[in-house]
Amino acid sequence: VVVFVPVPQWRTLQRVHTRLVRELEKKFSRHVVFLAQRRILSKPTRRSRQKQLRPRSRTLTHVHDSILEDLVYPAEVVGRRTRVKLDGSNLIKVHLDKSQQTNVEHKLDTFITVYK
């Protein structure tokens, strides 16, 4: 179950995140994941008349990085490796913090399906 939260409320949700996830997983008997609802603004082109600069938090790469951090929230992303295969597909290997390994280990398959 994926729950989208507005970005301004994301910080307040993080305080109760672990308890809330535990209770919702008991209730639904499924994995529960919270994500912040983020917006990607397109790259400014000559045709698009934009008055303001595009903030870094609205770029494609920053939004994808933030989604990954939201997805594994109690744990932290320590490292990331991107492997490009011969057919052109990307394989992203993400290294998580060892201290949260027991809390996150059973959810890895859920993280993979949600992040795709």
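**Ground rules.** I number residues from 1 along each chain as its sequence is written, and my side-chain values use heavy atoms, with hydrogens and water left out. Since this is a predicted model, local features need pLDDT of at least 70 and side-chain atom pairs count only at pLDDT 80 or more, while totals for chains, interfaces and linings use all residues. My helices (H or I, at least four residues) and strands (E, at least two) are DSSP runs, numbered from the N terminus.

**Entry 1, helix α1.** I looked up the span of α1, residues 7–28. Its 22 residues put the end C-alpha atoms only 24 Å apart, short of the 32 Å that a straight helix would reach; the expected span is 1.5 Å times one less than the number of residues. Then I checked for a bend, taken as the angle between axes fitted to the seven residues ending at a residue and the seven starting there. I found a kink of about 65° centred on valine 16. Just after α1, serine 29 takes a positive phi of about 50°.

I call a residue buried under 20% relative accessible area, exposed over 50% and partly exposed in between, using a 1.4 Å probe and protein chains only. In α1 the buried residues include Trp10, Leu13 and His17. Their cover includes β1 (2–6), β2 (33–37) and α2 (60–71).

I listed its contacts (heavy atoms within 4.5 Å), leaving aside neighbours within four places in sequence: Trp10, Phe34, Leu35, Ala36 and Arg38.

I searched the whole structure and got one aromatic pair. Tryptophan 10 and tyrosine 73 sit edge-to-face, 6.4 Å centre to centre with 75° between the planes. The rule I used for Phe, Tyr and Trp (its six-membered ring) wants ring centres within 6.5 Å; planes under 30 degrees apart are stacked, over 60 edge-to-face, the rest tilted. The partners are 63 residues apart, with tryptophan 10 in α1 and tyrosine 73 in the loop between α2 and β3 (77–84). Tryptophan 10 counts as buried because it is at 3% relative accessibility, whereas tyrosine 73, at 26%, counts as partly exposed.

β3 and β4 (residues 90–96) pair in the antiparallel sense over seven bridges; pairing needs at least two DSSP bridges. Arginine 80 stands opposite valine 94 in β4. Five residues lie between the strands, and glycine 88 takes a positive phi near 95° in this hairpin.
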